[in-house]
Amino acid sequence: QAQLVESGGGLVQAGGSLRISCAASGRTFSTYTTGWSTGWFRQAPGKEREFVAAISWSGGSTGYADSVKGQFTISRDNTKNTVALLMNSLKPEDTAVYYCAARWSPSDRTYYIEGYNYWGQGTQVTVSS
C-alpha cells in the first residue's frame, strides 16, 4: 500500500560526497497525492536511530539535525515521487544505515522531525577514514 525504497548508498572516503534517494510508490501515496512530509533518519551500529533531515511537501520548508546542518541538503521532486539527500564533506561518524520515512500532513508547508509512520528498508552509507 505504501512503499519507500532507498538507493544510492555505498562506500566513500572521508571528505567525499554521496547522494542517496528515496522513491515512494503504492496506493497510499497515489490516493493522498499531496501533504507528505518526508524525512531521513540514520542508525549507526550500537546507537539509536536519529533524525537527520526533513522536507515539507512543497519543498519550501526543510529542517536538519545540528550535526549535519550546512553539510547535508534535502530536496524533493514530486513529479517523480522522490526525495534526495546530498551529503557533502562526509566523516567516518556519518557511517550508518540511512532510512527514508514519510508521514502525511494537512499542510503542504509543514515538515516533521518525528512521528513518521511509513519507513523504507534503509541504505548503508560507509565513510572510510
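Select Ser7 first. Its bridge partner in β3 is Ser21. This is a predicted model, where local features need pLDDT of at least 70, side-chain atom pairs count only at pLDDT 80 or more, and totals for chains, interfaces and linings use all residues. Residues are numbered from 1 along each chain as its sequence is written, and side-chain values use heavy atoms, without hydrogens or water.

**The sheet**

Now select β1 and β3 (residues 18–25). They pair in the antiparallel sense, over five bridges. Strands here are DSSP runs (E, at least two residues), numbered from the N terminus. Two strands pair if DSSP finds at least two bridges between them. Strands of a sheet pair through backbone hydrogen bonds, either parallel or antiparallel.

The four strands make an open sheet, ordered β1-β3-β8-β7, with antiparallel pairing. Which strands stand at the edges? They are β1 (3–7) and β7 (72–77). Each has a single partner strand, so one side of each is left without a neighbour in the sheet. On average, neighbouring strands of this sheet are turned by 15° against each other, direction ignored. The axes behind that angle are lines fitted to C-alpha atoms; angles run from 0 to 180 degrees between N-to-C directions.

**The salt bridges**

Next, show the charged side chains. How many salt bridges does the structure hold? There are three. The term means a side-chain nitrogen of Lys or Arg within 4 Å of a carboxyl oxygen of Asp or Glu. Side chains of opposite charge can pair when their charged atoms come close.

Select Arg42, Glu50 and Asp94 together. Salt bridges link these residues in a network.

- Zoom in on Glu50 and Arg42: the closest N and O atoms of this salt bridge are 2.7 Å apart.
- Move to Arg42 and Asp94: their side chains meet in a salt bridge at 3.0 Å, N to O. This pair links distant parts of the chain, 52 residues apart. Arg42 lies in strand β4 (residues 36–43), and Asp94 in the loop between β8 (82–87) and β9 (96–104).

Is Arg42 buried or exposed? Arg42 is buried, at 7% relative accessible area. Buried means under 20%, exposed over 50%, and partly exposed in between (1.4 Å probe, protein chains only). Asp94 is also buried, at 2%. Glu50 is partly exposed, at 35%.

Last stop: Asp66 and Lys69. Their side chains form a salt bridge, 3.1 Å from N to O. Both residues are exposed.
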